[in-house]
Structures are given as structure tokens and as C-alpha cells.
Amino acid sequence: MSMRSKSRALGLARVTSSSVVLWTLVGVPLAAQETSRPEATEIWGPDPEVVSPGPAGEAASPPEDAIVLFSGDDVDEWVNVLDGQPAGWIVRDGVMSVNNQTGSVQTRRVFRDYQLHLEWRVPTGVEGSGQSRGNSGVYLAFMREPFGGYEVQVLDSYENETYVNGMAGSIYKQSIPLVNARRPPGEWQTYDVIWTAPRFTPDGALDSPARVTVFHNGVLIQKDFELQGETLYIGTPSYRPHGDAPIMLQAHGDPGPTVSYRNIWVRPLT
Ligand code: MG
């Protein structure tokens, strides 16, 4: 079947403007069709200004009222997303590392609004490029069925080109970080997050959107950003109603040495 007749069979029409030729589904807005491609929601620049933080220090002790989610000893506060079994991530030398064999992990506890601190490290010798280089992520409220939630991206953003709304510290495909406060692979980096969960009416409509503030290595990178919905690889964000939810750490599945975490604690605010 020729391109033209195939297109016609699919209900496609040719749209021509002064400089572009586009195929459009008859009766479906072009913008809606665009959302079927992951590239449609990528923003490639300009790059946020690089702001080098001060040198990495020792892991700071949690405040006394914090719930400690990982102190270096065990992953008892975490379970595998895939099977709900005790988390299969590797604990060594006070550090937990992504295990791509057992997949992403989520907290046993659920949360609403909170302050979260965690530290992460892209390994020395990290492989890959773009979104396949040190990719993990912190889902601030995670839904398993169907899979989704709100991701603060973890990625090597030290001289690693990718779409800027998917770099480290982005609210994935929704908000570019204000600056790039990255450290190089092998060094510990911190996220301090203030999360306000979305609220829904009893009939499931959105009452108030989620809001997030993030500091990366002590530098403000997200300032009270209002989320448009869940963070999606493909498509336009939208909300679905949910209650208190676990925090999830992503196993992105890329080959090579994986991202590590340490010193994770949370202070519920409601
Ligand atoms: Mg990620």
C-alpha cells in the first residue's frame, strides 16, 4: 500500500502550511496526535546555567523526628515494586544500590505531604549516554496499578546531553531545573524535597494540584512548582485520584554499574 493510500485508509489527511507538511488524523487535533510520540514532550534547551555546589560532605544525620528510610544497614523499609517481596537492592558499605534484576523499590509506608532528604551517586565508570546514563528517579507518590506517579529525575547531568526537562532534578517532562547543580559521577549528591500531594474531591475530581520544591546539593532547583499531573514518558500529564502513597526509587534497567543511595529520611507534614 502506498504511503498516500495507507494514510487515507487510516483516516489521515495531508495538511500543508508555508513550511511544513503534516499528516493529521481527520477530526483529531494535531496536538493530541503529537502526544503519542515521546519526542513530542522533550525540550532540548537552552541548558540551565551550571552552578557548582560546594564540595560533597559526609552524610548529615537525620533530625530527631524523621522516619529513617535507609540508614545504611538494611532495606527493611522497602519492597520490590514487581512482587511486593523484601527489596532486592544490594546493601554494601552503608550504601544501597539499584538492582536491575529485582527492579524498582517502594516504601512499605505511605505518605501525603512531607520533607524528604536523600543522597544519590552515579557510579564512577557509568556507561551509556543521555537518558541511559545514571538514570534512576524518585517517585514522590507512586501508583503501581497502573504504573505511575510523580518523578524527580536522577541522572548523570555532568556533561551529559539530553532533553533538559529530563535532566537531573527535573520534574520529569514537566519542569526544567532552575540551574544545573550537578556533581560528577563518583561523588555523592543530595536532594531535599518539599512535597505537597494533590487533593481530590470525593467524586475524584482534582481539588488542588501537587506542588514541589527541590534543592539539589543545597541549591534551589524547583521552586514551589505546580504539577500538571503525573510525570509521563509519553503524552500530556493528567491526574487520577489517589490517597496516601509510597515513595519509589526507580531501577531504570540500563547496563553497567548502577546508581546508589544513602541517608534517606522523611518528615511527614500532615
Ligand atoms: Mg528516571
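Which residue in strand 16 does valine 138 stand opposite? In this predicted model, valine 138 faces leucine 249, where strands are DSSP runs of E of at least two residues and helices are DSSP runs of H or I of at least four, both numbered from the N terminus. Residues are numbered from 1 along each chain as its sequence is written. Because the model is predicted, local features need pLDDT of at least 70 and side-chain atom pairs count only at pLDDT 80 or more, while totals for chains, interfaces and linings use all residues.

The protein contains 2 helices and 17 strands. The predictor's confidence in each residue, pLDDT, runs from 0 to 100; its mean for the protein is 89, and 87% of the residues reach 70 or more. Over residues 1-28, the pLDDT is below 50, and this stretch has 21 contacts in the model beyond near neighbours in sequence. Two residues are in contact if their C-beta atoms, placed from the backbone, lie within 7 Å. Where pLDDT is low, the predicted coordinates should not be read in detail. Of the contacts in the protein with a separation of 6 or more, 64% are between residues 24 or more positions apart.

Strand 9 (residues 136-143) and strand 16 run antiparallel and are joined by 2 bridges; two strands pair if DSSP finds at least two bridges between them. Both strands belong to an open antiparallel sheet of 5 strands, ordered 4-7-16-9-10. At its edges stand strand 4 (78-80) and strand 10 (148-154), each with a single partner strand, so one side of each is left without a neighbour in the sheet.

Burial comes next. A residue counts as buried if 20 or more other C-beta atoms lie within 10 Å of its own, exposed if 12 or fewer, and partly exposed in between, with C-beta atoms placed from the backbone. By this criterion, 34% of the 270 residues are buried. A nonpolar core is a set of buried Ala, Val, Leu, Ile, Met, Phe, Trp, Tyr and Cys residues joined through C-beta atoms within 7 Å. The largest such core has 48 residues, of which Val138, Tyr139, Leu140 and Val193 touch the most other members. Elements giving two or more residues to this core include strand 3 (67-70), strand 8 (114-121) and strand 17 (260-268), and the largest share, 5 residues, comes from strand 9. Leaving aside neighbours within four places in sequence, tyrosine 139 contacts Gly149, Tyr150, Glu151, Ile247, Met248 and Gln250.

Strand 8 is largely enclosed by the rest of the structure, because 6 of its 8 residues are buried. It is joined by 7 antiparallel bridges to strand 11, where tryptophan 195 is the bridge partner of tyrosine 114. Strand 8 also pairs with strand 17 in the antiparallel sense over 7 bridges; here glutamine 115 has arginine 267 as its bridge partner.

Strand 11 and strand 14 in turn pair in the antiparallel sense over 6 bridges, with threonine 196 partnered by arginine 211. On strand 14, Val212, Val214 and His216 make up the covered face, whereas Arg211, Thr213 and Phe215 make up the uncovered one. Strand 14 is also joined to strand 15 by 5 antiparallel bridges, and arginine 211 has glutamate 226 as its bridge partner there. These two strands form a hairpin with 2 residues between them, and asparagine 217 in the turn has a positive phi of about 55°.

Several loops have backbone features worth a look. A cis peptide bond, with omega about 5°, joins glycine 45 and proline 46, the latter lying in the loop between helix 2 (30-34) and strand 3. The bond from glutamate 145 to proline 146 is also cis, with omega near -20°; proline 146 lies in the loop between strand 9 and strand 10. In the loop between strand 10 and strand 11, glutamate 159 has a positive phi near 55°, and lysine 173 has a positive phi near 60°. Glutamate 159 is exposed, with 9 other C-beta atoms within 10 Å, whereas lysine 173 counts as buried, with 24 C-beta neighbours inside 10 Å.
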